[in-house]
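The tour goes stop by stop.

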Amino acid sequence: MSQPYYPPPSGAYSPVIGTENSNYQPPTYEYSQGSVHSKIGEKWNPKPKYQDLWAAILFLIHFAGFVVLSYIGIKELVTNNEINNSNTNINLDSKTILLLVASGVLGFFLSLIYMIFAQRFPKPLIKITLYLSILTYFIVAVVYAYYKQYVLAILFGIFGILYLICAFTWRDRIPFAAIMLETVISIAKRYYGTIVMGFVGLILQVGWSVWWAVSIIGAYQYFYAKAECQTTTQNGQSTTTCNNITPVYIVLVFMVFSFYWTSQVIKTLVHVTDSGVYATYYFLEGTIQGVGSTPTISSLKRACTTSFGSICFGSLIIALINTVRVILRTLAENEEGVLGFIAACFACLLACIEPLVEYFNRYAYVEVAIYGKSYCRAAKDTWTLIKDRGVEAIINDNLIGNVLVMGAFFIGVLCALFGFGYIKIAKPDFIDNNNIILLFVIICFLLGFMMTVVVTDAIDSGVATTFVALAEDPEALRRTKPELFERIRQRWPRVVQGI
């Protein structure tokens, strides 16, 4: 089914929402109706079919199993009256609560200010954060050398030199990355639902983590008691024997697997929802159809229905890798000899594979969000994209990623300084030693860092989505936003080719 033809919009257009350029006249292109539609562009489907239903059903069955184990575990803790028996020495008075709330709010508003600054001055900020990242490698190398960790010092020094060489060769890519960052932030400011989704995801992740932690403790105690284990001491060595320990291991492995799979599904739901919003802007903003009044809700609906199976499928792969890593790491720590060495080697190998799969999935989920593809089809098309534009994607992600990560770290430090100053001035009742002060300073840093990550994750999804859409269907941008297309074409001529 082919899409309707949309001529270029008349009048002035600025890629940065809320601004105009009265002196600009969109460039003209010679094309006839029907010739502008690329093969990829015709795949845009506003009513996609349900994909990978088996994965969605499997996830729901697995989650039902977790709920059953959670009920058993929490009931065990309540029966033993362990939930209400807290031995903490920290009393959260009003001053403490005010400190934590103020740190989170401060981190959020500082992140918004930082994003506005990044939109206004994207190119200088990309350069500054790039060279700060390089400087960090050399500082870490010097610290390791000071503590006589010479191998690590040499490695970080080599990484710093290689990164410096890369920075020199990436200079001509900075203007394109600056346009991408400027445009994506302007879209996020207009469709702030992408940032709201980040907070929803954060709340769900925190709630899920607490629920899981309580559940696994209770489930372990329940099934361990059923195993009828006895500990005997002989010649100063303790030995534990159990009649049936297998159910305990099965429950623990399942609970670890459930934690990783559900966490990944929550994270991916937010990413796919945000990507859908940016894709809607890319393809429909400036057309007769338009983006609609609630693009975030529409995108969330697709992510939770037709694309949910694909989300569960991709998340399952990451969950399996992480679960196997935990098992291998446990074997490596508890087994001696050849078995422990082999387990450690394979755990290290999976630790290297996991970030590569996550990076690959990030772009595969964009394909899912844009076109409503199955996970396998999205993975296949993502592989084609990476083979053709993989280097550009890595460079672009690296340049913009430096801005986002450095911003989160900088705001985290400011929140930590705020927390330290507040403690010295307000002097809450729980402060009785320097260790407690350090603990709350670290908490303030993490609060500021997480608040910034909520915002930067939305930007990160937008960068990936715009890159994929631009690589696969540049004609859509040329039809609806000719000035932005021309700016990008001047800085990255390869864009007009498409894949």
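What follows is a list of selections and what to find at each.

**The whole chain**

Start with everything shown. This is a predicted model. Colour by secondary structure: the protein chain comes to 14 helices and two strands. Switch to colouring by accessibility. Of the 499 residues, 47% count as buried. Now think about contacts between residues at least 6 apart in sequence: 82% of them join residues at least 24 apart.

**Stop 1: helix 3 and helix 4**

Select residues 122–146 for helix 3 and residues 150–169 for helix 4. Their axes lie 7 Å apart, at an angle of about 165°. Angles over 145 degrees count as roughly antiparallel, so helix 3 is roughly antiparallel to helix 4. The crossing of helix 3 past helix 4 is left-handed.

Show side chains at the contact. From helix 3, pick residues including Leu130, Ile134, Tyr137, Phe138, Ala141 and Tyr144. From helix 4, the partners include Tyr150, Phe156, Gly157, Gly160, Ile161 and Leu164.

**Stop 2: helix 2 and helix 5**

Select residues 94–120, helix 2, and residues 174–190, helix 5. The angle here is about 135°, and the axes are 8 Å apart. Helix 2 and helix 5 are therefore oblique to each other. Helix 2 passes helix 5 in a left-handed crossing.

Helix 2 brings Met115, Ala118 and Gln119. Helix 5 brings Leu181, Glu182, Ile185, Ser186 and Lys189. By class, this contact of helix 2 with helix 5 has four nonpolar, two polar and two charged residues.

**Stop 3: leucine 100**

Stay in helix 2 and select leucine 100. Is leucine 100 buried, exposed or partly exposed? Its relative accessible area is 26%, so leucine 100 is partly exposed.

Draw a C-alpha to C-alpha distance from leucine 100 to isoleucine 443. The two are 8.0 Å apart in space, and 343 residues apart in sequence. Leaving out residues up to four places away in sequence, leucine 100 touches Phe440, Ile443 and Leu447.

**Stop 4: salt bridges**

Side chains of opposite charge can pair when their charged atoms come close. How many salt bridges does the structure hold? There are ten. Visit these in turn.

Select glutamate 358 and lysine 267. They form a salt bridge, and the closest N and O atoms are 3.3 Å apart. Glutamate 358 lies in helix 10 (residues 338–371) and lysine 267 in helix 7 (residues 246–284), so the pair ties together parts that are 91 residues apart in sequence. Check the accessibility of both ends. Glutamate 358 is partly exposed, at 24%. Lysine 267 is partly exposed as well, at 46%.

Next, select arginine 325 and glutamate 354. Their side chains meet in a salt bridge of 2.6 Å, N to O. Arginine 325 sits in helix 9 (residues 308–334) and glutamate 354 in helix 10, so this pair links parts 29 residues apart in sequence. Glutamate 354 has 13% relative accessibility, so it counts as buried.

Go on to arginine 478 and glutamate 475. Here the closest N and O atoms of the salt bridge are 2.5 Å apart. Both residues lie in helix 13 (residues 474–480), three residues apart, about one turn of the helix. The cut-off for buried is under 20% relative accessible area. Arginine 478 is buried at 17%, and glutamate 475 is buried at 18%.

Finish this stop with a group. Select Glu367, Lys373, Arg377 and Asp381. A network of salt bridges links them.

**Stop 5: serine 307**

Where does serine 307 sit? Look in the loop between helix 8 (295–304) and helix 9. Is serine 307 buried or exposed? Its relative accessibility is 2%, so serine 307 counts as buried.

How values were computed:
Residues are numbered from 1 along each chain as its sequence is written. This is a predicted model: local features need pLDDT of at least 70, side-chain atom pairs count only at pLDDT 80 or more; totals for chains, interfaces and linings use all residues. Side-chain values use heavy atoms; hydrogens and water are left out. Axes are lines fitted to C-alpha atoms, for helices over the stretch in contact, and angles run from 0 to 180 degrees between N-to-C directions. Helices (H or I, at least four residues) and strands (E, at least two) are DSSP runs, numbered from the N terminus. Angles under 35 degrees count as roughly parallel, over 145 as roughly antiparallel, 65 to 115 as roughly perpendicular and the rest as oblique. A crossing is left-handed if the near helix is turned anticlockwise from the far one by less than a right angle, and right-handed if clockwise. Contact means heavy atoms within 4.5 Å. Ala, Val, Leu, Ile, Met, Phe, Trp, Tyr, Cys and Pro count as nonpolar, Asp, Glu, Lys and Arg as charged, and the others, Gly among them, as polar. A salt bridge is a side-chain nitrogen of Lys or Arg within 4 Å of a carboxyl oxygen of Asp or Glu. Buried means under 20% relative accessible area, exposed over 50%, partly exposed in between (1.4 Å probe, protein chains only).
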